[in-house]
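I opened this notebook to record what I looked up in the structure. The entries follow in the order in which I made them.

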Amino acid sequence: MKILLCIDGSTNAERAAAHVATLRRELHPLDVTMLYVDIPVTGKVSTLLEPDAVQQMHRANADAAFEAARVLLRRARIPSQEIIRSGNVVDCITRTARPGKSDLIVIGSRGHSPLVDWILGSTTAEVLATSKVPVLVVP
């Protein structure tokens, strides 16, 4: 089974990775791709930085976010690939997990109240609403 594991460095993402590690026996073989989406560098900041510096910044942010998930998957002996994108998080997730490329998106939930989710929006809710691939939300 091809799983897209959404990683943002949060404890919610770590719980999602831990859940994927438990699926090893039931869904063998697992093909896990971890996705980290960073905020794009735009405006005046983008004119001040060299493209290599921007790439290094995205790589450093992704490495920090991937760290706990890497350990969990390695302990479970689940090989994984890593993808780093920058842009709109929901768009990047749904484009990366298009049908045929992924069988399942695994994403952590957020601990916001319904009011906060309504005001700020919820990445998880938007992925659920727009994805063409099944989504597993790990609380």
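Which residue in β4 is the bridge partner of Ile 3? I found that Leu 104 is the bridge partner of Ile 3 in β4.

I noted that this is a predicted model, in which local features need pLDDT of at least 70, side-chain atom pairs count only at pLDDT 80 or more, and totals for chains, interfaces and linings use all residues. Residues are numbered from 1 along each chain as its sequence is written, and side-chain values use heavy atoms, with hydrogens and water left out.

Entry on strands. I took helices (H or I, at least four residues) and strands (E, at least two) as DSSP runs numbered from the N terminus; two strands pair if DSSP finds at least two bridges between them. Strands β1 (residues 2–7) and β4 (residues 104–108) run parallel and are joined by three bridges.

Entry on the sheet. I read an open sheet of five strands, in the order β3-β2-β1-β4-β5, with parallel pairing. Its edge strands, β3 (80–86) and β5 (135–138), each pair on one side only.

Entry on packing. Helix α3 (residues 51–75) packs on the sheet and touches β1, β2 (31–38) and β3, where contact means heavy atoms within 4.5 Å.

Entry on helix α1. Which residues of α1 are buried? I listed Asn 12, Ala 13, Ala 16, Ala 17, Val 20 and Ala 21; buried means under 20% relative accessible area, exposed over 50%, partly exposed in between (1.4 Å probe, protein chains only). The cover over these buried residues of α1 includes β1, β2, α3, β4 and β5.

Key: Axes fitted to C-alpha atoms, helices over the stretch in contact; angles between N-to-C directions.
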